[in-house]
Amino acid sequence: MAEMTRWAPDRVAFGGDWNPEQWPVEEWEAQVRALDQAKVNLARVGVFSWSLLQPGPDEWDFAWLDHAMALLHERRIDVVLATSTASPPPWFSRMHPESRVIDERGYRHEIGSRQNWCPSSPVFRQASLTLVRRLAERYVDHPALRMWHTNNELGCHNAECFCEHSATAFRVWLRDRYRTIARLNEAWGARFWSQSYASFDEVAPPAVSTTFSNPTHVLDWRRFCSDALLAQHVAEREVLRDVAPGIPVTTNFMIGTGNSVGRSDYFRWAASVDVVANDHYEVGWDSSEARLHEQRAWSADFTRGVAGGAPWFLMEHAPSGVNWQTVNRTRPPGELRRATMSYLARGADAACFFQLVQSTSGAEKYHSAIVPHAGTDSRAFREACALGEEVARLAEAIGSTVHADTAMLVDWESAWALQHPTMPSNGFEPFDIAKAAHRALTRAGATVDMRHPRDDLSSYRFVVVPGLYLCDDELGDRLEAMARKGARILVTCLSGIADATDRVRGGGYPGAFRRLLGVRGEAFAPLPAGRTVAAVSPEGAGLYQGRFWQEELTADAETEVLARWNDGAWAGQPALTRRSVGSGFAWYLPSIPDPDGFLALARSIRRGAEPSSAPDPFADLVATTDVEVVRRRTGGVEYVFALNHGDIDVTLPALEGRDILTGQSAASWKLRAGDVRVIRTSSS
Ligand code: GLA
């Protein structure tokens, strides 16, 4: 395998998807001029261009792309060149119907949309790699080429394919994982419902069947599907590195949009890219912009965790409305600036959009753009121009990393296991517990890195384990060792229950963390949506309202019970416990608190986790307003990003430094409603 080439920018990448092929060539120059006016310095080109680049099996046409790249280069706009493999041309899909996706009901998807290819199709793999090689050979020395981009949102529409090629590849994958069919049977608990297999040849993808499929079978299928898509990216990347070594390669992940857990295990994917790139879209119509800002924080913190804390690349976000929700919300004046800045605050060194110029035909013609249908004489374009100016001023912060003191352990495999319809409750989404915890922690003033349970966690003083259903045996010991040295560990319900094969640990819940927490659960008692139960302290103070989950639970003698249920079937049983471990503590939360209750709990735990010499001066402000504060650091310099998503002006704690957006001193600084400031100061 060739060497990795890290992406090392000298300016904050600002730009996004430009699709010149959608326009008469006479309009290209004016479009590029407009992009330049908005300080766009990077364009992603060629994402859906296969049918133009290769109009027939033996026909190739690169002239239009040559011209588009030359126009961009004239204006010093860098190119992220996509490999165009996201959507094969109709002639290919017609000639090779077996390359098209078959869904779980056995229906082969029709031509006429996008991304209709099976990740395990040999003919697709071969044709796509031929295209990648042709592109790489043609543009390897192009002066505008800054980065390669394989495919697009791998698995967005074709995460699963149930065709014969997939079945064959799944069997190969299973053979690699288990070696013998006896081990597979053991891992899947196949004696249950007479499912013992005599050979790998008998195993098929878990398509629609009479009733529930085996949960471990489904879990392995999800793992396989993620690996199959990753294999397409890696195959494309290897061609690019072979022909064009030295040019970074990435692909856009889809972390944190809406409630979707997603179908790719990006912790596994992260090592395959030269910079982690992500697409994020806020979902839903919400009158409070603060909720949208929480969605962005969730996605950005998750992406940064996947990137191991390194700066990352925001490949797509929406200039304003999208086209794929039931009612698509338009950003009101000023929101675009705050949205883009919040990703940059949380560790992105690139702020790119889908899309730069709004299409006038096709399925995305009502998706917003930097240059909307109205043209450059528009609020949207003027806001983009102003934003481009400001983003350019952030160049000095490139490469700085976000200062996070709290880790939250998340894992796609665990989330996939929780999605099986035979769980005690399917009344909430797998990441809902993590999201509730993230929101509470963020409002409590913490900056949270989402990390994989196997990552090195030693730099964090506070570790949260939110509904980590599936995990390795050793995690409990590792967290216990951290607690002994002073760390604070908060574990919530539905954690530690099962091992990697989804086999439940015996002896009581929460299996892997029972010793660490000093509690023992005998039965789960999920609550229906809308039902709450009060958790009260021994003194009778209401601490929180429990939602979604309770447990029949006892605490060991040395474990403190900080709250008990006030009423209902489990009245008097523990609703919050704490065990003292060395110089640290481990809390167990057998439910999901209401937002205010969760915030109060997060604040009290966090206060204790802070070194007493450095209390967080922003904590009260963040907890009581819609202000977001994030710090990026490099060397002895700290950049304090402060964003006011609310409609009330606030005064911020005095800092010694200057606002790098305005040049103003920050000795006494106000943050007006809707405003953003980035203060350069020294890090303590
Ligand atoms: C995805 C795709 C883009 C575009 C946007 C629209 O993220 O990658 O091609 O379709 O959605 O929001």
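## Where two helices meet

Glu 335, Leu 336, Arg 337, Thr 340, Met 341 and Leu 344 are the residues of helix 11 that touch helix 12. On the helix 12 side, their partners are Glu 383, Ala 384, Leu 387, Glu 390 and Val 391. The residues of this contact include six nonpolar ones. Four others are charged, and one is polar. All of this comes from a predicted model.

## How the helices are arranged

Two packed helices are described by an angle and a distance, both taken between their axes. Helix 11 covers residues 335–345, and helix 12 covers residues 379–393. Their axes are 9 Å apart. The angle of packing is about 30°. Angles under 35 degrees count as roughly parallel. Helix 11 and helix 12 are therefore roughly parallel to each other. The crossing of helix 11 past helix 12 is right-handed.

## Three domains

The domain assignment divides the protein chain into three parts. Domain 1 is made of two stretches, 13–156 and 222–399. Domain 2 runs over 406–609, and domain 3 over 620–682.

## Domain 1 against domain 2

The C-alpha centres of domain 1 and domain 2 are 37 Å apart. Domain 1 gives 24 residues to the contact, and domain 2 gives 26 residues.

The size of an interface is often given as the accessible area lost when the parts come together. For domain 1 and domain 2, the buried area is about 2,300 Å². Carbon and sulfur atoms hold 60% of it. Which three residues supply more than any other three of the area that domain 1 buries against domain 2? They are Arg 223, Val 261 and Trp 298, with 32% of that area.

Definitions and conventions:
Residues are numbered from 1 along each chain as its sequence is written. This is a predicted model: local features need pLDDT of at least 70, side-chain atom pairs count only at pLDDT 80 or more; totals for chains, interfaces and linings use all residues. Side-chain values use heavy atoms; hydrogens and water are left out. Axes are lines fitted to C-alpha atoms, for helices over the stretch in contact, and angles run from 0 to 180 degrees between N-to-C directions. Helices (H or I, at least four residues) and strands (E, at least two) are DSSP runs, numbered from the N terminus. Angles under 35 degrees count as roughly parallel, over 145 as roughly antiparallel, 65 to 115 as roughly perpendicular and the rest as oblique. A crossing is left-handed if the near helix is turned anticlockwise from the far one by less than a right angle, and right-handed if clockwise. Contact means heavy atoms within 4.5 Å. Ala, Val, Leu, Ile, Met, Phe, Trp, Tyr, Cys and Pro count as nonpolar, Asp, Glu, Lys and Arg as charged, and the others, Gly among them, as polar. Domain bounds come from an automatic or database domain assignment. Buried area is the accessible area (1.4 Å probe) that two parts lose on being put together, summed over both.
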